[in-house]
Amino acid sequence: MKDTSRNAVQADAVLLTDHPAPGAARLTLNRPAQRNSLSRELMQRMTEALNELAADAGVRVILLGAQGPAFCAGHDLREITGARSEDDKGRAFFEATMAECSTLMQTIVETPKPVIARVHATATAAGCQLVASCDLAVAGRAAYFATPGVNIGLFCSTPMVALARNVGRKHAMEMLLTGEPIDADQAATMGLVNRAVADDELDQAVMALAESIAGKSGRTLAIGKAAFYRQLEMPLADAYAYASEVMVHNMLTADAQEGIGAFLDKRSPTWTHQ
């Protein structure tokens, strides 16, 4: 995928940012030697970048990918092990790490722009959590997914939060209790990713999805994404009452008026993202 607008940041940064198509921004994890493990620095930079893109009126969809042989291998275990030498045996560091991870995952959900994971390879533990936290995900068939913390005496409790909100309970429990990996096709069947595609078709599939979304009203996308996650936690009657309020609010926006008018006039809409 070519950068068609703004340049990526310096190649030695832990996170790269570029804009591969109009309306689309791309974040790329860039710790290939560490299998893109989530160091505190990387998580902080990802949260900052997502907040910056949320405020960018020119961005309507965000892609999340990675360089190197893995998509993301979870937390940086060397960083975690190094903290054990502290007087508190690492407690303060561990607490800060988990807080930063939780902030990152919630930022993905709360940003008004849809986030699409491009998963080309291994996504394990917090890396699997990262995929599950994204609104959409497309995986190449070389990818596989696992929550293997149980194998090293560390149950994947925080990955469990995102995983259990994306796949059936028994599927989630099997992954968490056994630590066994699933392939891309299994992940698609379970709902962890939207689809699995041939590795050489991954970029095309991701960009097709991104460009379809980027062509929509940014205001409408933001309204819909926020409403989707909020209504999930509500009882049925409350969800319908809330969604009805959202529909009324949406109908009063300039883009809804333009979109309905364009449909009736049999023309393409001109979005103002208002």
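Where is the place of Arg35? Arg35 sits in the loop between β2 (24-29) and α1 (40-54). The model is predicted.

## Two residues with positive phi

Arg35 is not a glycine, yet its phi is positive, at about 55°. What is its relative accessibility? The value is 34%.

His273 is another non-glycine residue with a positive phi, here about 60°. His273 belongs to the segment after α11 (254-265). Its relative accessibility is 25%, so His273 also counts as partly exposed.

## Fold and overall shape

The protein chain has 11 helices and 10 strands. Its radius of gyration is 20 Å. The globule rule gives 19 Å for 274 residues, and the two values are close, so the chain is as compact as a globular protein of that length.

How far does the C-alpha trace span along its principal axes? The spans are about 65 × 45 × 40 Å.

## Burial and contacts

Of the 274 residues in the protein chain, 47% count as buried. Buried here means under 20% relative accessible area.

Contacts were also sorted by separation in sequence. Take those between residues at least 6 apart. Of these, 64% join residues at least 24 apart.

## Surface and charge

The accessible surface of the protein chain is about 14,100 Å². Carbon and sulfur atoms account for 55% of that surface.

How many positive and negative charges does the protein chain have? There are 25 positive and 31 negative charges.

## The aromatic pair

The structure holds 1 aromatic pair. Phe228 and Tyr229 form this pair. Their ring centres are 5.2 Å apart, and the angle between the planes is 85°. Why is the pair edge-to-face? The angle of 85° is over 60 degrees, so the pair counts as edge-to-face.

Notes:
Residues numbered from 1 in each chain as written. Predicted model: local features only at pLDDT ≥ 70, side-chain atom pairs only at ≥ 80, totals over all residues. Heavy atoms only, no water. Helix = DSSP H or I, 4+ residues; strand = E, 2+ residues; numbered from the N terminus. Rg over C-alpha atoms; globule rule 2.2 N^0.38 Å. Buried < 20%, exposed > 50% of the residue type's maximum accessible area, 1.4 Å probe, protein only. Contact = heavy atoms within 4.5 Å. Areas by Shrake-Rupley, 256 points an atom, 1.4 Å probe, with all protein chains shown as cover. Lys, Arg positive; Asp, Glu negative; His and termini not counted. Charge placed at Lys NZ, Arg CZ, Asp CG, Glu CD. Phe/Tyr/Trp six-rings, centres within 6.5 Å; stacked < 30°, edge-to-face > 60°.
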